[in-house]
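Let's take a walk through this model together, one feature at a time. Keep the structure open while you read.

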Amino acid sequence: MSSRFPNSIATLALVAGLSACSREARHQARSEVGTAAIASSPDTVFPGNAAPPALDQRAAAFEGNAPAIAQGQQLFTSMNCAGCHSHGGGGMGPALMDGKWRYGGRIDQIASSISEGRPNGMPAWRSKLTQDQIWQLSAYVRSLAGLEPVDAVSARTDSMSNTPPQTQFAPKPPKPADSASQ
Amino acid sequence: MKPPGKQKGDGKGKVPRQRSPRDGPQLTGGELDRRLAAAWALPPGFIGWLSSVDHKDIGRRYIITALAFLALAGALAMIMRLQLARPGNDLVSAQRYDEIFTMHGTTMMFLFGVPVMQGMQIYLTPLMIGTRAMAFPRLTAFSYWMYLGGGALLWVAFVLNIAPDVGWFAYPPLSGPQYGVGKRVDIWAQMITFTEVAGLAVAVTLTATVLKQRAPGMTLARMPLFVWSTLVTSLMVIFALPSVALASSLLLSDRLVGTHFYNPAERGDALLWQHLFWFFGHPEVYIIFLPATGFVSEIVATFSRRSVFAYPIVVLSLAGTGILAFGLWVHHMFATGLPRVGYSFFTGASMAVSVPTGLQLYCWIATIWVGRVRMQVPMLYVVAFVITFVIGGLSGVMIAAVPLDLQLHDTYFIVAHFHYVLIGGAVFPLLGAITYWFPKVTGRMMSDTLGKLSFWMIFLGFQLAFFPMHIAGLMGMPRRVYTYPGGMGLEIPNLLSSVGGGVVALAILLFLLNLIVSLRSGAAAGPNPWGAPTLEWATPSPPPRYNFAHLPVVASLTPLWDSPDRLLVAQGLRVDERELLLTSVIDAVPDIREPSAEPSPWPFIAAAATSVAFIASIFSPWGLLFGTIPAAIALIAWFWPKTPPRVEEPVIT
Amino acid sequence: MKPKAAILAAALVALGACNTFQNALGGEGADGAHFVSLFWVFVAVCAVMYAAIVGSFLLGLWRARRPRAPLTVDEGKHQEEPAIAGRLLAAWAILIAVGLTILTVASFFTDRSNAKSGEHPQLLVNVTGNQWWWDVQYSSGDVSKSFRTANELHLPVGVPVEVKLQSNDVIHSFWVPNLAGKQDLIPGRVTDIQLLARKTGLFRGQCAEFCGVQHAHMALDVTVESLENFRKWVTLQQRAAFAPQSPVELAGYRFFTARNCSACHAITGSPASATIGPDLTHFASRQSIAAGTLPMSAANVQAWIADPQRQKPGSNMPKVGLTPDELRALTAFMERLK
């Protein structure tokens, strides 16, 4: 049968599938992910034009991984992140979907912000959430700015929402907050 | 083609003996066969193979593909039975088990149940009504490639570990954007779209074929019962599938662009899906079951050596089932908390649907009582059908009652019920039908010894596998659980089911082996090995590409019994071109001659282009828009008008 | 076929009897008892119909083996039909209609009496479905008397109870087969089910609508007890958690309230007050852990906390990665929460 079904379908499904294998996998007991604290607050601006440190190796397991982002989405609701950040649009806390990142928009930088907390009200979640959960949340926060592959994010939650569907959101390349026209 | 004035015939069932003076010389014998074979031949090579619009090729492809899916989904069933053989088993993970039962249900319903029945209908209907081709042969070819595309999509996804994991019913919000993570559900929903397109295309083609292409004289009242079941199921498909098409489109749109059709927080409704899905889902069961009753009617008639008793009652039962099937869907939703008075109506309707089936059963039994029965393998499957299906039908009466359903709903009792109905009611007749028509398709008989062995194994193994599930359900085992705790008394019924499942699997393998062995070395069959009364047995086995050298003329329900030596034939169809005779809808009076489409690769290309559009639209809404362009090009090429060659002296039969 | 059917029916009764705590044939509730009697009525009527159909079918097959039959194609009379068969057909149609009418009427009246048995409820319980556990709230007019628990339901025998059902995420279905039939929990809707338990005992309920990867581990322990015992249980549930006593329990308490546990769980009387996961105030007094995943025991509590993903893969409770000391302390503290 293999030689008979439409080749285009096979090829397309194969291409979709190869990228899908890691996208859809549920990493359940991710014991290989260490529990050491994340290096504190690397910024997008590095002193003396130093090369930015390499991306944390753990990022690969969470970025573009649909179950991880979905879990992050649930945590975003249950930990009441929306209480300050709204559904990404910002309120008492900064917006998360405008592409401006005060403390860096890389997943490890976001994880660091969540884990360690930031001045002016962002609490440290290190003792309340596991490292996995923090990374899941970080992946979801990135998806709010359109930085995660569109095939791995969900279009909406089953709650009321005032933001456009995440699958229809143009990516905002990360830039430091102070470099913008503020 | 030809001006209308050149139509032949005097408009009565009897066809004129003398040929019209303006037609070409009449042909008979070898020369006729040679010329017809040339006109209906397939282009050479692989392209020719892809281009075939012959209903026998397409029907055979449907059946073989569906049987392959049966084997795959059956293998998944065996994995499930191994997992459930003992409590707390960890053969497969929870996630994988969810994928497996989703794949099993989806494959069995959408890629085996409906397509295999439609495949049988595509193969048999033109032969049974005495015509040369389907009404829209290229559409039939297109439908097969769409079906194959949908099946390939689902199973490639399974191999790549992105198979759907939300059940074959895919209730939102579990299948919605928040909880149906990744692309798994989109693949499921788009697979539904593929099979919808295929199923609707076949249904339209079959309806037109049955209504307009019957042999002269085959009035509606002389149509074989299998053809009646084809007509009823095709009409049911036309009414049922748009509902699931709508449902799955809304789901895809919720998932892809964030609409709120199923989101209660934004005034959507999670139950909307269930209404739309079951408005399709319940008739779907009858779409699988009614063709099987057609098989049973044909087999009972042939092996009892007489017509089925009370033909009009059987026809009315088919039509009645087809209509009532659309009024039952809420009995899948008794636990959702809809108003109780409404439930009573659906209880009544669900019980009422057993009346037509009960009448059909009576008619078959009465036929056997007055006839003389030969116990050959197809008839054995009818015996298995009655003994098994009636249990499923009666347990269906039980769960039509709201107080009973509220306990039994979504338990293994239901699993037992619908396997009794679908395997007992549809698969057993199907296996009998395959045995019955195998000699027509291949020219060889299936092995009797292997046939009887696999029959007894599947019949007894089935009871062992599925009867204990009634008990497991009553003891509180819900469906769709990947494991269950020990100490609840579920160990014995589950172990029995697993053992029985193994026997069924072996029996199916034996049946498939029998198919292959008999294809190579079965006894030669001849045109009518069973002494059957219907038209498909009037042509050689296997039938030539043009089906009949001369179109038969029919004067009764059982033409081959009433005129055993020679049939009246119609004359006046062209030989050097593909031409069909269209007849009137009710009385099958010859109406016009109609050219039939030549083989073409474009249906395949159109199906491939549509597949690309469908699959691309899983990933981006633009896929649907830009995907229509290649599909439109393929359709234009498909329908490009062809100037007929000018034939000075048309040759007719 | 008859002996086989009889044996199977006997086996069904025998097997049905050996499982007492999750069994639709238990009939310990008012609706459950209605189910049992209606079920046997249906079984009896269906058995008669089955015997009639299959019996006449097999008899016909046996009879039709005769070498010659008058109304076959061999005699040229394959279209003819004996008149008696037509009259029998009419009789058969009437028989089916009468049988179905009896069953429909029986079903209708059972449904009515089911609706009646839950009238005038004297106790209201709110049950909320979550992936994959049950949140249970006993409401009272006096807020200080209301309390929350999880994955367990205590019911006083002979008292009509109304259970209000809601879902926080996907569709679940509330099903305690010994007591009554199912009722779905649908997001965006409030549904309800009336329970009237007639016998005391421990019963098991289970989610009956596929709700995701751990649907199999979403059970509910239902204790039906005397009114006196029920009141005792309510009094216990209304009080705050027992304070930790030993140093190791105290260490567990500190960990619980300062670290990950309190992000999701609540313990009345402690700073932990999150409502994302099950309320754990009287955790150790329950029958099972994690919605029926494991029976309650110190070893199982430890195993569960150490690695929930191993016991219930895909559940929302993460593996925290505790040191052996933390694990021991936490287990000791959890055991204290009687």
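Predicted model: local features only at pLDDT ≥ 70, side-chain atom pairs only at ≥ 80, totals over all residues.

## Two helices side by side in chain B

Let's start with a pair of helices. Two packed helices are described by the angle between their axes and the distance between the axes. In chain B, the axes of helix α7 (residues 225–257) and helix α9 (residues 311–324) come within 10 Å and cross at roughly 15°. Angles under 35 degrees count as roughly parallel, so α7(B) and α9(B) are roughly parallel to each other. The crossing of α7(B) past α9(B) is right-handed.

Which residues of α7(B) and α9(B) meet? From α7(B) come L225(B), W228(B), S229(B), V232(B), L235(B) and M236(B), and they meet V314(B), V315(B), L318(B), A319(B) and G322(B) of α9(B). Sorted by class, the residues of this contact of α7(B) with α9(B) are nine nonpolar, two polar and no charged.

## Where chain B touches its neighbours

Now for the contacts between chains, beginning with chains B and C. This contact takes 76 residues from chain B and 80 residues from chain C. Several helices of chain B each supply at least two residues to the side that touches chain C, among them α4 (94–129), α8 (270–304), α12 (377–400) and α16 (491–521). The most comes from α11(B), with eleven residues. On the side of chain B that touches chain C, you'll find 49 nonpolar, 19 polar and eight charged residues.

Chain B also touches chain A. Here the contact takes 34 residues from chain B and 30 residues from chain A. On the chain B side, the elements that give two or more residues are α5 (137–159), α7 and α18 (602–619). Of these, α5(B) gives the most, with seven residues. By class, this side of chain B has 20 nonpolar, nine polar and five charged residues.

Next, hop over to chain C and look for an open sheet of three strands, in the order β4-β10-β9, with mixed pairing.

Zoom in on one pair: β9(C) and strand β10 (residues 219–225) of chain C run in the antiparallel sense and share six bridges. Within that pair, F203(C) stands opposite V222(C) in β10(C). Helix α4 (residues 227–238) of chain C lies across β4 and β10 of chain C, and runs at about 140° to β4(C).

## A hairpin in chain B

Back in chain B, strand β3 (residues 579–583) is mostly covered, with four of its five residues buried. Strand β4 (residues 590–595) of chain B pairs with β3(B) in the antiparallel sense, over five bridges. For L581(B), the bridge partner in β4(B) is R593(B). Together β3(B) and β4(B) form a hairpin with six residues between them, and A588(B) in the turn has a positive phi of about 55°.

Most residues other than glycine have a negative phi, and most peptide bonds are trans. A few spots here go the other way. A cis peptide bond joins P172(B) and P173(B), with omega about 5°, and P173(B) lies in the loop between α5 and α6 (184–212) of chain B. Another cis bond links Q131(C) and W132(C), with omega about -5°; look for W132(C) in the loop between β1 (123–130) and β2 (133–138) of chain C.

For H120(C), phi is near 55°, and the residue is in the loop between α3 (83–117) and β1 of chain C. Are D410(B) and H120(C) buried or exposed? D410(B) has 22 C-beta neighbours inside 10 Å, so it counts as buried. H120(C) has 8 C-beta neighbours inside 10 Å, so it counts as exposed.

Definitions and conventions
Residues numbered from 1 in each chain as written. Chains lettered and ligands numbered in written order. Axes fitted to C-alpha atoms, helices over the stretch in contact; angles between N-to-C directions. Parallel < 35°, antiparallel > 145°, perpendicular 65-115°, else oblique. Left-handed = near helix turned anticlockwise from the far one by under 90°. Contact = placed C-beta atoms within 7 Å. Nonpolar A, V, L, I, M, F, W, Y, C, P; charged D, E, K, R; others polar. Pairing = 2+ DSSP bridges. Buried ≥ 20, exposed ≤ 12 C-beta atoms within 10 Å, placed from the backbone.
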